[in-house]
Amino acid sequence: MSALIYSPYEYEIHEDPYPTYQRLRDEAPVYRNEASGFWALSRHADVVDAFRDNVRFSSSYGVSLDAAVWGPNAHRTMSFLALDPPMHGRMRGLVSRGFTPRRVAELEPRIRELTRKHLEVALGRGSFDFVGDLAGTLPMDVISELVGVPEADRDEVRRLSDLLVHREEGRDDVPVAGVEAAFTLVAYYADMLAQRRAQPTDDLTSALLATEVAGDRLTDEEIMGFLFLMVVAGNETTTKLLANAWYWAWRNPGERTKVFGDPARVSAWIEETLRYDTSTQLLARLTTADVTLHGTTIPAGERVVLLVGAANRDERVFHDPDRYNLDRPDRELQQIASFGFGRHFCLGASLARLEARVCLEELIAHVADYDIDSSGIVRVHNVNVRGFATLPTTVVPR
Ligand code: HEM
């Protein structure tokens, strides 16, 4: 058997990481990549425990393996995603005041409207790119709607955020174009903040500026960090979830028939996609103490990646894990690692689920069946996020 090598920068891994994940879980549950200087945990129980143990597995150096953003300054671009308690709790608490479940639920009619707008254009053509024409635009529109980016600026903000996450093969860092895009976005948000301070509206940015708890307020720098985090955490991930759902239902006609025949099963479609092929494949942590697992000691001060994608295929938790199965029982789906666990549990999980539900419901309402041109499929190449850049689709309208 070949030597076990796992690197999230390899295009081969982007193509299909799951056989390697299986070997990691079985042969090297505490895997060490010497060349890139990280450890990897792949078993469900270990990943969950590490997420929950935010003392020994610190987020203070960020959650990405990329060298440019790994370090004590990570919170400047990743906000409280890259903070430990008590700073994390303070920021998350203040932000949660503006980002309430009610605010999210109120977005449903607008999300439906935006979906229909994009869908109408796409369906009118009969053949379209599921990512470029729908999945790639909707989540950014929704975040822009929420934080108050005007419609005229949205294409540019989306272009910049795409540049932020793109990675070239063999490069284990952020390319120059990504760094430049980050600077441009920072300047854009700084400007937007100044405008809202002068003239508040009913958007989230204005709500964050006004948030005060026991005399504590967010600084402009903190709000900007959060806006940035929304783009990185909420845009790509949801785009990829939608396209992964579309792709895997296409690859599994039996499962597709189930949901296209019964729209009430859209939630099962979403949850099984989140498990089977989730958009956020890994999150990094910094050990603050020696941690011994399965007889191996990870010293303090090391980088450890928690392989969410591997945890979701662990047969110790999920029956027949390599099967895409819309009938998977709730007790299994409740254990998916896709939104993390513990204090950093995804703040946008309900928004992501809402967007996905509305968009997939609208698709089922307007599309009887579809085909994807396999020769035109293009993958996204990124170390944390997994999904498609292009999915050429032809639809049969209802
Ligand atoms: C399918 C879509 C999504 C996936 C798979 C996803 C996944 C995750 C995961 C795994 C974490 C935990 C990170 C960690 O423990 O280090 C996280 C955190 C976070 N997510 Fe999401 N996310 C999604 C959508 C969204 C959306 C739509 C938003 C907001 C608009 C969002 C905002 C956040 C924020 C703010 C955090 C940081 C929470 C904290 O550190 O306390 N996410 N997400």
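In this predicted model, an oxygen atom of the ligand lies 2.6 Å from an N or O atom in the side chain of histidine 344, which falls inside the limit for a polar contact, a pair of N or O atoms within 3.5 Å.

The shell holds 27 residues, of which His88, Arg92, Arg285, His344 and Cys346 come nearest; a residue is counted when one of its heavy atoms lies within 4 Å of the ligand. By class, the shell has 14 nonpolar, 10 polar and 3 charged residues. Cys346, through its SG atom at 2.3 Å, is the only protein donor of the iron atom of the ligand, donors being N, O and S atoms within 2.8 Å of the metal (3.2 Å for Na, K and Ca). This cysteine sits in the loop between helix H18 (330-333) and H19.

The whole structure contains 39 salt bridges, each a side-chain nitrogen of Lys or Arg within 4 Å of a carboxyl oxygen of Asp or Glu. In one of them, glutamate 361 pairs with arginine 112, with the closest N and O atoms 2.8 Å apart. That pair links distant parts of the chain, since glutamate 361 belongs to helix H19 and arginine 112 to helix H7 (residues 108-125), 249 residues apart. Glutamate 361 is partly exposed at 23% relative accessible area, whereas arginine 112 is buried at 18%; buried means under 20%, exposed over 50%, and partly exposed in between (1.4 Å probe, protein chains only). Both residues belong to a network of salt bridges that links Glu108, Arg112, Arg116, Arg357, Glu361 and Glu362.

A further salt bridge joins glutamate 272 and arginine 275 at 2.9 Å, N to O; because they are 3 residues apart in helix H16 (residues 266-276), about one helical turn separates them. Glutamate 272 and arginine 275 are both buried.

Residues are numbered from 1 along each chain as its sequence is written. Local features need pLDDT of at least 70 and side-chain atom pairs count only at pLDDT 80 or more, while totals for chains, interfaces and linings use all residues, and side-chain values use heavy atoms, with hydrogens and water left out.

Conventions: A polar contact is a pair of N or O atoms within 3.5 Å; within protein, one must be able to donate a hydrogen and the other to accept it, and residues adjacent in sequence count only if both atoms are side-chain atoms. Ala, Val, Leu, Ile, Met, Phe, Trp, Tyr, Cys and Pro count as nonpolar, Asp, Glu, Lys and Arg as charged, and the others, Gly among them, as polar. Helices (H or I, at least four residues) and strands (E, at least two) are DSSP runs, numbered from the N terminus.
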